[in-house]
Amino acid sequence: MDNRALIRAFRLAAQLMELHDENPFKIRAYEGTATALEQLSFPVADIERTGLPDRTGLSKTAAARVAEMLDTGSFEELTRLLSITPPGVVELLKVKGIGPKKIRALWRELGIESPQQLREAAERDEVSKLKGFGKKTQETILAALEFTQQSQGKLLYPQAEQLADELAAQLRTALHTEQVAVAGEVRRRLEIVENVQLIAATDKPWKAHQVLDKLEGLVPDPAQSGPFAWRGTTAASGVRVEVLLTSKEDFTKELFLHSANEAHLSEALPGTAPGQPASLRQLINKERFYQEAAIYEKAGLQYVEPEMREGLGELALAKEHKLPKLLEEKDLRGSLHNHSTYSDGAHSLREMATFLRDKGYEYLGICDHSQAAHYANGLSPERVRQQHREIDQLNQELAPFRIFKGIESDILSDGALDYPPTVLNTFDFIVASVHSNLRMDEQKATTRLLRAIENPYTTMLGHPTGRLLLRREGYPINHKAIIDACAAHGVIIEINSNPWRLDLDWRWVHYALEKGVQLSINPDAHHTDGYADMRYGVMMGRKGGLTKEMTFNAKSMEEVAAYFAKRKAGIKAPLEFKDSLFG
C-alpha cells in the first residue's frame, strides 16, 4: 500500500466523521494524520511498524492506525464508519462540489442514499428547497452529477498504465512468454483511458482465460469474450479490459493494428502506386512483419512513434521524412512551477531544491501561490521578501544548482495579475494562472487570459483551462486566440504535468509550435514526489510533436537565466518596492 492510499483512507475517515456530525477535534486529528502523511518523502509501508512514530512524526495513536491500515487494509474507526454509512452515501462524497455537511442534509432530510436518487430529487426541484441550498447549488449539483456519470468507467493515464503493466506481468509469468504487450489507448498515451488493451502471443489461449478469470479485481464478461479474446471490466473503476490472444507469427500485426487510431491505419498512403496497398491496414493484412519499423519502411515512411499515430497529418510528414525528433524525459534540465511550505507545498524550499539537485537537474523554479490565494496560504509581500532572502542564501550554498525566484500569480477576475508591478518586478519569472471564479463563458475566459498574457510581467501561462480531468471541466477558451497572443507577446505556455490537469491539451501543442510558442513541462509539484509527473507532461508534448528545441525547461540553467534577465530588461522597472521593502 502506497502513501496515497493511506492518505485517502484517513481523509475518508475525516469526511465520514463530519458526515455523522462527530467530534470536531477527532475530525481534525484524522485530517492532521493525512496532512502529515502527505509531507513524507519515503514509503511508509517500508518502515518497521514499531518505528512509525519516530520516522513519521505521528503520535503513537495515529501511528497505530497507520500500522493497522498497512497490515489489514483498514483500521477500526474507518471500518465502523463504513458499516454505518450506506455505500451510495459514501459514493456521494466523490461528487465534486458537495461536502459532507450538505450530504448529511440530503441524506437525513430527503432520504437520499445514492447519486441517482440525488439526481432525481434535484430534477424534481426538491434540493433547492432545503435550507442552505437554493437554485444555484441545485444546478451545480446536477452539473457535477452529470460530469461524474460521464467519468465512470474511465481512468487517468497513470492508473491505466499501472493496471496494464500489472496485467502484462501476470500474463508473461502465466504464459511463459515475453510476447505480451500493452496496446491501445495506453500505448498511445491518451490522458483518459476507457479501454485497457493488451496483446499476448500463446498457443494456449484457454490458459490466459483461466488466469484472467481468477484475477482479483477483474470482472469477466463471457458474452463479449471468445476463444481468442478475453473481455471484462475492473471492479473498482469499471474501466474495460481487453486481452487479445494471437499466434507468435501474428503478434506484431495485432500489436500494430491495436496501437493506432483508425484514421492512422486507414488514411491513404501518400504516393501509392496502382495495385499497391493503399493504407497501412491493407499493407499489414497483405504481408507478415516481425517489427513495426519494417511496416513503415515497406510503406516508404519514416517510423511513427505510437503516441503520434492519431491520423492528424503525421503520415504526410513521415512520407517527407519530416517527423521531428521528439522530446525525451532525459532532455529536461530543470523543473519550473513548483510549490513549497511557503504556500501549500508539503516540503521546504531547501528540501524541494536539494531533492531536485540530487536527481541531476540544474535548476528549480519555485512558484508558490500569490497573496490572493488565501486558501493556499498565498504569500504577502513581506513573505515574498523572506523567501527571496532564503533563495539567495541557498543559491550561494547549492551553486552551481540555482533556484529561480518565481511566483504563481493569480489572474484576477478582470485579467490583472495579483500584486502591483513593484512586487512583480522582484521575481525572475511569473507563471500566471486562474484559480478563482471559474464559471465563465468562452468570451469572458478568453478576454481574462488575454489581458494577463498582454501584461509584460507574465513569463508563462499556467494550466490554461483550469481543468481537472474526471473531476472538473475546464472553462472554455478560444485556444487559437490564446496561443496567438502568447506568440505575439513572447509568453511561454506550460504543459501542466499533473495527471489531473495535463493542460495545455496535447491537441493544441502542434498549433503552438507552428506559431513559435515555447512550451514548458511543469509538474506543479507540491511534494518532492511531484517532480516525477514531468514524465506525463513529456508524453503529452510528444503526442503533439514537441521537440527538445521548443521545450523551455530543456534549456541549460545559463540559458534560462539569460532568457529571464533579457525579458525583465525589456520592462520599465518600478523603483519603490525594492527600496521600501527589500532595502
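Which residues in H18 meet which residues in H19? The tour of this predicted model opens at that contact and then moves to a sheet.

**First stop: the helix pair.** Select helix H18, residues 349-358, together with helix H19, residues 381-398. On the H18 side, display Leu349, Arg350, Ala353, Thr354 and Arg357; their partners in H19 are Gln387, Glu390, Ile391, Leu394, Glu397 and Leu398.

Next, consider the geometry of the pair. Two packed helices are described by the angle between their axes and the distance between those axes. Here the axes of H18 and H19 come within 11 Å and cross at roughly 30°, and the crossing is right-handed.

**Second stop: the sheet.** Select the 5 strands that form an open sheet, ordered E2-E4-E7-E6-E5, with mixed pairing. At the edges are strand E2 (180-183) and strand E5 (218-220), each of which pairs on one side only. On average, and with direction ignored, neighbouring strands of the sheet are turned by 25° against each other.

Select E5 with strand E6, residues 229-234. These two strands run antiparallel and are joined by 3 bridges. Within the pair, centre the view on valine 219, which stands opposite threonine 233 in E6.

**Last stop: the helix across the sheet.**

How values were computed
Residues numbered from 1 in each chain as written. Predicted model: local features only at pLDDT ≥ 70, side-chain atom pairs only at ≥ 80, totals over all residues. Heavy atoms only, no water. Axes fitted to C-alpha atoms, helices over the stretch in contact; angles between N-to-C directions. Helix = DSSP H or I, 4+ residues; strand = E, 2+ residues; numbered from the N terminus. Left-handed = near helix turned anticlockwise from the far one by under 90°. Contact = heavy atoms within 4.5 Å. Pairing = 2+ DSSP bridges.
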